[in-house]
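Please read these points with the sequence and the structure open beside them.

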Amino acid sequence: MAANDTSSDQFAILPIRMPPVPSFPHSAVHEVRVRQNAPKIPTPNDSRSLFLKNVPADSTEPHFRAVFSNLVGAGRFETIIFEDEATTGLEVDPAQATKMQGLARKRKMMDIEAEEREREEVASRLPQIWTRQLHRSSGTAVVLLADEKSVQLVLKAIAKLQKSKKYPVWGEGLADDVPSLGSSWISSHLQLSRVDKSAAQTAVHAFFNVFNRKEKEAIELAKRLRNEPDEDGFVTVTRGGRAAPASRTEAEEAKQRMVDKAAKKKSELKNFYRFQLREQRKMEQAALLRRFQDDRRKVDAMREKRGKFKPET
């Protein structure tokens, strides 16, 4: 179960001992790659989070909570987010979400309305048909810890494991915190798959109600942002026929095109008349003549100085 890739790059290797199971009655060591989280788009929690690679397929939050408690003690592990975790399908663009939060703060949304929206979000989720989610092989995850100090403690504890060989045991101390796999897991899935028709229909209607509301809010926000200047005084540029506002990159490109166009127009108007061209040529010739005369005087001075030099006898 250990990974064949030995080039860990900047990753630390966290060995986890996998206990024997009926399908494979032998103990094995699974290697999880761990490093400081550094996503392409930074987030406020990057300094206290770890990026994990090659996580076991049967991983759960209680599993990793027990592993990290074994490494640095309880109280430092907060949560873990797996890359293939199911989402509601109603995600909002980060830029739009930030702007919506700002507008929501200005409007000071009432608590009653906020609670109503939360109830809509819960009602829009389809019934769960699996008691436990499995992940794809060699998947990744992000672990959120209590603080930056916890990150350093975890990395140091992982480094010590290579010498002590006292690897954390997968699933140790979980008791009944995690539903078991195997035949009972499949049996429960078959039972949960027989969802009540009315309950499923209610969840689908709630989903589309939330989706339509968010789409309407995004269109209204786009209309408002079209006429709102940014901190530099520029209005966000939009493409024709598109409801959403253009990105900041597109606005910067449009701004640069305007500057280049103005500079080109200015250079075309300069020396437009014939007499201006003649005057410019005369000025260039006079400048060349002055530089020539200056160089000639310097050469004459050097020759005169060299003629007066007499070595000692």
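**Notes on the predicted model**

1. In this predicted model, the pLDDT (the predictor's confidence in each residue, from 0 to 100) stays under 50 over residues 1-8, a stretch with 12 contacts (heavy atoms within 4.5 Å) beyond four places in sequence. Residues 86-107 also have a pLDDT below 50, and the model gives this stretch 21 contacts beyond near neighbours in sequence. Across the protein, the mean pLDDT is 76, with 72% of residues at 70 or more.

2. On reading the values: because the model is predicted, local features need pLDDT of at least 70 and side-chain atom pairs count only at pLDDT 80 or more, while totals for chains, interfaces and linings use all residues. Residues are numbered from 1 along each chain as its sequence is written, and side-chain values use heavy atoms, leaving out hydrogens and water.

3. The protein contains 8 helices and 5 strands (DSSP runs, numbered from the N terminus: helices are H or I of at least four residues, strands E of at least two), and from the N terminus their order is β-β-β-α-β-α-α-β-α-α-α-α-α.

4. Of the 313 residues, 23% count as buried (under 20% relative accessible area, with exposed over 50% and partly exposed in between, using a 1.4 Å probe and protein chains only).

5. Asn54, which lies in strand β3 (residues 49-55), has a positive phi near 65 degrees and is buried at 11% relative accessibility. Lys165, in the loop between α4 (148-164) and α5 (183-192), has a positive phi of about 65 degrees and is partly exposed at 48% relative accessibility.
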